[in-house]
Amino acid sequence: IGMVFGFVSSLRPDNTWADAGETPFNSLQPGLRAFANRLKAAYPESEVYGWIEVQANAGTDGYRLGEEGVHTIVADLSRSAVNDLGFDGVFLDVKPLWTGDADYLTLLRTVRRRIGLDTPIAVSVPPDLTPSNVDFDLPAVIAPGTEWDEEYKQRVALQSDHLIVTAYHSYHDDPVNYIEWVAYQVEAFSEALDAIDSGITILISLPNYPADLPAHDPTI
């Protein structure tokens with residue numbers, strides 16, 4: 001195992017940090033620091049990333065990625081994850097994200113300035129759920145053309161070191177269609193990033209959890 005993503009915290013609607021059980025971040029820090037240090041001591045060849053989750057749609061106006069204060073809050077925790085908790089890098093899990101979102105690019109630049117050029121940033125990116133011009137069946141429940149355009153894939157890649165394509169919650173119900181859909185993600189993201197010679201790593205994240213129908217059918 002070359003990369004480990006350890007969950008650090010999630011940004012609540014009031015812009016404070018907590019875990020899934022609503023435990024405040026301050027109470028989590030000793031355990032997180034011990035986790036990162038012990039894992040790195042046991043497996044020094046692995047990279048351990050602090051997983052930071054941000055729901056873009058939260059708060060009173062339903063969207064907060066455009067707020068400079070949110071950028072600062074995320075950047076501060078990213079720096080703390082590396083400098084105080086001992087993680088090798090950060091994994092930014094921001095969702096949902098739509099193609100062309102300039103606020104997300106600004107957030108990535110803010111985090112980069114705060115943690116420095118030498119600290120790796122991994123980012124979760126949505127798959128092209130219903131890509132255009134493909135010859136396999138697509139789920140009718142999602143609007144056609146729900147995808148990132150090639151330029152936006154490239155712009156996000158230039159701000160990060162690893163792209164983790166979240167190829168789950170596909171809404172597919174046929175194994176062959178799911179296989180072709182995942183293969184499409186590999187090709188689409190690889191071709192987009194090859195065009196800019198970024199040297200970035202692409203990881204395809206596959207589901208390994210119980211059924212969540214109709215979004216995820218583990219039998220396929």
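Which residues does Phe7 touch, not counting residues up to four places away in sequence? The first legend takes that up, and the others move on to the rest of this predicted model.

**View 1. Phe7 and the residues around it.** Let's start with Phe7, which sits in strand 1, residues 3–11. Setting aside residues up to four places away in sequence, Phe7 touches Asp19, Ala20, Leu32, Trp51 and Glu53. Take Leu32 from that list: Phe7 and Leu32 are 25 residues apart in sequence, yet their C-alpha atoms are 8.6 Å apart in space.

**View 2. The whole chain, for orientation.** Stepping back, the protein chain has five helices and seven strands. Follow the sequence and they come in the order β-β-α-β-α-β-α-β-α-β-α-β. The radius of gyration is 18 Å, close to the 17 Å that the globule rule gives for 220 residues, so the chain is as compact as a globular protein of that length. Of the contacts with a separation of 6 or more, 74% join residues 24 or more positions apart.

**View 3. Inside the largest nonpolar core.** Nonpolar side chains tend to be buried together in soluble globular proteins. Here, 45% of the 220 residues count as buried, and the largest nonpolar core has 43 residues. Tyr104 and Val156 are the ones with the most contacts inside that core. Look around Val156 and, leaving aside neighbours within four places in sequence, you'll find it in contact with Tyr104, Leu105, Leu108, Val123, Val125, Trp148 and Leu163. Another core, of nine residues, lies apart from the largest one; Leu129, Phe136, Val182 and Tyr184 are among its members.

**View 4. Two cis peptide bonds.** The bond from Lys95 to Pro96 is cis, with omega near -10°. You'll find Pro96 in the loop between strand 4 (89–95) and helix 3 (102–115). The bond from Leu213 to Pro214 is also cis, this time with omega near 5°. Pro214 belongs to the segment after strand 7 (201–205).

View 5. Most residues other than glycine have a negative phi. Buried, exposed or in between: which is His169? At a relative accessible area of 29%, it is partly exposed.

View 6. Finally, here's the surface. The accessible surface of the protein chain comes to about 11,000 Å², and 51% of that belongs to carbon and sulfur atoms. As for charge, the chain has 13 positive and 33 negative side chains. The centres of those two sets lie 13 Å apart.

Methods
Residues are numbered from 1 along each chain as its sequence is written. This is a predicted model: local features need pLDDT of at least 70, side-chain atom pairs count only at pLDDT 80 or more; totals for chains, interfaces and linings use all residues. Side-chain values use heavy atoms; hydrogens and water are left out. A nonpolar core is a set of buried Ala, Val, Leu, Ile, Met, Phe, Trp, Tyr and Cys residues joined through side-chain atoms within 4.5 Å. Buried means under 20% relative accessible area, exposed over 50%, partly exposed in between (1.4 Å probe, protein chains only). Contact means heavy atoms within 4.5 Å. Helices (H or I, at least four residues) and strands (E, at least two) are DSSP runs, numbered from the N terminus. The radius of gyration is taken over C-alpha atoms; the globule rule is 2.2 Å times the number of residues to the power 0.38. Accessible areas come from the Shrake-Rupley method with a 1.4 Å probe; for residues, only the protein chains shown count as cover. Lys and Arg count as positive and Asp and Glu as negative; His and the chain ends are not counted. The place of a charge is taken as NZ of Lys, CZ of Arg, CG of Asp or CD of Glu.
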